[in-house]
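Student: I have a new structure open and I'd like to learn how to read it feature by feature. Could you walk me through it?

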Amino acid sequence: MALPLSWNDAKPLLEHIGGPVAPKDWQGGLPISYHLGGNDAQVHLKIDMDNSIKPYYVVEARIRGSEFPDQWVVMGNHRDAWVFGGVDPSSGTASMMELTRGLGQLLRQGIRPRRTLVICSWDGEEVGLTGSTEWGEQFQDELRQKAVAYINVDSSTSGPNFEGSAVASLAPLLREVSHGFQDPASGRPLYEAWKAAVERARAERKEAGPVTDANLVDTRIGSGSDHTVFLNHVGMPVIGLDFDGPYGVYHSMYDDFYWINHFGDPGYRYHTLMSQLWGVIALRLANADLLPFDFSEYGNNIGQFVDELAKGKDMSRLDLAPLRSAIADFTKAGRELDAAEQEKLASGKLEPTLQQQVNQGAMQVERNWLNPQGIPGRPWFEHMLYGARYTYAHLELPALTEAVDKSDWTTARQQAELLRQALEKNTHLLQELTSELQNPPTSAGGRAQ
Ligand SMILES: [Zn+2]
C-alpha cells in the first residue's frame with residue numbers, strides 16, 4: 001500500500017531516516033540532505049484508512065432516437081474524485097448536468113435527436129477506470145453493433161486553453177464545430193484560440209513546424225480516462241474535450257470549489273462553453289444524414305504513424321512498402337466515398353435503406369481495426385492503431401511499434417501483415433459503400449443506370 005503524505009508530514013521522517021547520502025539525482029525539493037535509510041531511527045506510524053469494499057454505481061440516461069434508435073452516440077464523464085474533485089471531475093460533471101438539462105428542455109419542446117443519445121456518469125475512474133471498463137465490457141456486443149462514437153469529458157475546465165483530441169476520422173468534425181463558438185476570454189473564434197493554445201504548447205515543447213488543420217486535433221490518444229475501453233477494447237471512434245490551464249492542485253485536497261470559483265473558471269464561462277461544444281458535437285453525430293467520418297484524413301494520419309515508427313531506425317529487416325500501399329488505397333477509397341456522399345446529399349435523394357446501409361458500413365470501419373487476439377502480451381487491447389504505454393502515454397500502432405522497439409522482426413512482420421489486411425478490408429468496405437451510393441439498387445431490385 002502507498003500513502004501520499006504532505007511535505008510537512010514527510011519532512012521529519014526524511015530528516016531522521018539515516019544511512020548513506022542519496023545520489024544527486026535522488027535529492028528532492030526540501031531544504032534537507034536526502035538519505036537512503038539506515039537502522040538509526042524508529043518510527044511509530046498510525047494510519048487511519050477505510051479499506052472496506054464499496055459498490056460502484058454507473059448512472060445512465062438515454063434519449064431514444066426518433067429515426068435510428070439502434071445507432072447510439074455515447075457520452076460520459078466520471079463522478080468519483082481523489083478528494084473533493086473541484087476540477088477533476090466535477091467541472092466535467094457540471095458541464096454534463098447542464099448539457100443534459102438542455103437536452104431535456106429540447107425534448108419537452110418536441111425536439112428529439114434522430115439517433116439515440118446514451119449519457120453515462122462513471123464511478124471508479126480514479127481506481128483503474130473501473131466503472132466505464134465494466135460497463136463497456138458488459139455491453140460490448142451491443143456497442144459493437146450500435147455505437148457511432150464515444151465523446152469523453154473528464155475534467156472540463158481548469159483554464160482557458162482548449163485541448164481537443166479525436167481519432168482522425170472525426171478530427172474534421174471537431175475542427176468545424178470549433179469555428180462556430182467564441183472563446184470567452186478573447187472573444188475570438190474558439191478555432192483561433194485553440195490554434196494559439198496548441199502553438200504555445202508546441203513552442204514550450206520546442207516542437208518544430210506550424211500548427212495547421214492537419215495537426216490541430218490531437219490524434220495521439222493514450223489511456224488515463226474513460227474512453228479507454230471504448231477505443232482500445234470495443235473499437236469505437238472517440239473524441240476527448242478539455243479546457244486546460246495552470247492546474248497545480250490536481251488530485252489534491254485543494255482541488256475544490258474554492259479553487260475552481262476563484263482561479264480555474266471564475267464566472268464558469270468555460271464550463272458553459274463545454275456544455276455547448278459537447279452537445280453540438282453529439283447532436284451533429286446524432287442528426288447527420290450521413291455520419292461525418294473522414295476516412296481519407298484517417299488514412300493520412302495512419303501514414304504519419306508509420307513514418308514516425310520508421311524514423312531514425314534501421315528498417316532493413318521489415319518491408320513497409322505493402323503497408324504503405326494499403327494505406328494509400330484506403331486513403332483514396334476514403335476520398336472517393338466522401339465525394340460520392342457529397343454528390344448524393346446534394347442530389348437530395350438519399351433513399352432510407354441506402355442511408356442505413358452507408359451509415360452502418362461507416363460505423364464498421366473502426367471495428368475492423370480490432371484484432372481479436374489483442375496486442376502481444378496484452379490481449380485486452382484489441383485496437384491495432386491505438387494502444388497505450390504502461391504509463392498511460394499514447395502508443396500508435398502498438399503491436400508493431402513494440403516489436404520494432406525490441407527488434408523482434410518476426411513479430412513485426414506478422415503485425416505489419418495483420419494491419420495491411422485490416423486496411424484492405426476497410427478499403428473494400430469503403431469501395432462497396434461508394435458504389436452503392438453511385439448505383440443504388442432500384443426498388444425493383446435491379447441496378448439503376
Ligand atoms: Zn479525472
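Student: Let's begin with tyrosine 268: how does tyrosine 268 count in terms of accessibility?

Tutor: Keep in mind that this is a predicted model. To read accessibility, you compare a residue's relative accessible area with two cut-offs: buried is under 20%, exposed is over 50%, and partly exposed lies in between. Tyrosine 268 comes out at 26%, so it counts as partly exposed.

Student: Where does tyrosine 268 lie, and what is its phi?

Tutor: You'll find tyrosine 268 in the loop between helix H8 (257-264) and helix H9 (269-287). Its phi is near 55°, which is positive even though the residue is not a glycine.

Student: Which loop holds leucine 397, and is leucine 397 buried or exposed?

Tutor: Leucine 397 sits in the loop between strand S8 (394-396) and helix H13 (398-405). It also has a positive phi, near 40°, in a residue other than glycine. With a relative accessible area of 1%, leucine 397 is buried.

Student: Now strands. How many residues of strand S6 are buried?

Tutor: A general idea to start with: in a regular strand, side chains alternate between the two faces of the sheet. As for S6, which covers residues 238-244, six of its seven residues are buried, so the rest of the structure largely encloses this strand.

Student: Which way does S6 run relative to S4 and to S5?

Tutor: Look at the bridges. Strand S4 (residues 147-152) runs parallel to S6, and three bridges join the two. Strand S5 (residues 161-166) runs antiparallel to S6, with six bridges between them. There, serine 165 stands opposite glycine 240 of S6.

Student: What coordinates the zinc ion?

Tutor: For a metal site, you list the donor atoms and then check the angles. The zinc ion is coordinated by His78 through NE2, by Asp88 through OD, and by Asp154 through two OD entries, at 1.9 to 2.8 Å. The angles among the four donor atoms range from 51 to 144°, and the site is irregular. A tetrahedral site would need all angles between 85 and 135 degrees, so that label is ruled out here.

Student: What spacing do the zinc donors follow along the chain?

Tutor: The pattern is H-x9-D-x65-D. Within it, histidine 78 belongs to strand S2 (residues 68-78), while aspartate 88, 10 residues apart from it, is in the loop between S2 and helix H2 (90-108). Both histidine 78 and aspartate 88 are buried.

Student: What is the peptide bond from aspartate 88 to proline 89 like?

Tutor: Omega tells you that. Here omega is near 10°, and the bond is cis. Proline 89 is placed in the loop between S2 and H2.

Student: What lines the second largest pocket?

Tutor: With a pocket, read the volume, then the lining. This one has a volume of about 950 Å³. Its lining has 25 residues, and Pro4, Met49, Ala81, Trp82 and Val83 lie nearest the centre. By class, that lining comprises 14 nonpolar, six polar and five charged residues.

Technical notes:
Residues are numbered from 1 along each chain as its sequence is written. This is a predicted model: local features need pLDDT of at least 70, side-chain atom pairs count only at pLDDT 80 or more; totals for chains, interfaces and linings use all residues. Side-chain values use heavy atoms; hydrogens and water are left out. Buried means under 20% relative accessible area, exposed over 50%, partly exposed in between (1.4 Å probe, protein chains only). Helices (H or I, at least four residues) and strands (E, at least two) are DSSP runs, numbered from the N terminus. Two strands pair if DSSP finds at least two bridges between them. Donors are N, O and S atoms within 2.8 Å of the metal (3.2 Å for Na, K and Ca); water is not among the atoms, so sites may look incomplete. Four donors count as tetrahedral if all angles lie between 85 and 135 degrees; four count as square planar and six as octahedral if opposite donors are over 155 degrees apart and all others between 65 and 115; anything else is irregular. On a 1 Å grid over the protein atoms alone, a cavity is a set of points where a 1.4 Å probe fits but cannot get out, and a pocket is an open set with protein on both sides within 12 Å along at least five of seven lines; lining residues have an atom within 4 Å of a point. Grid points are joined across faces, edges and corners, and a volume is the space filled by probe spheres set on the points. Ala, Val, Leu, Ile, Met, Phe, Trp, Tyr, Cys and Pro count as nonpolar, Asp, Glu, Lys and Arg as charged, and the others, Gly among them, as polar.
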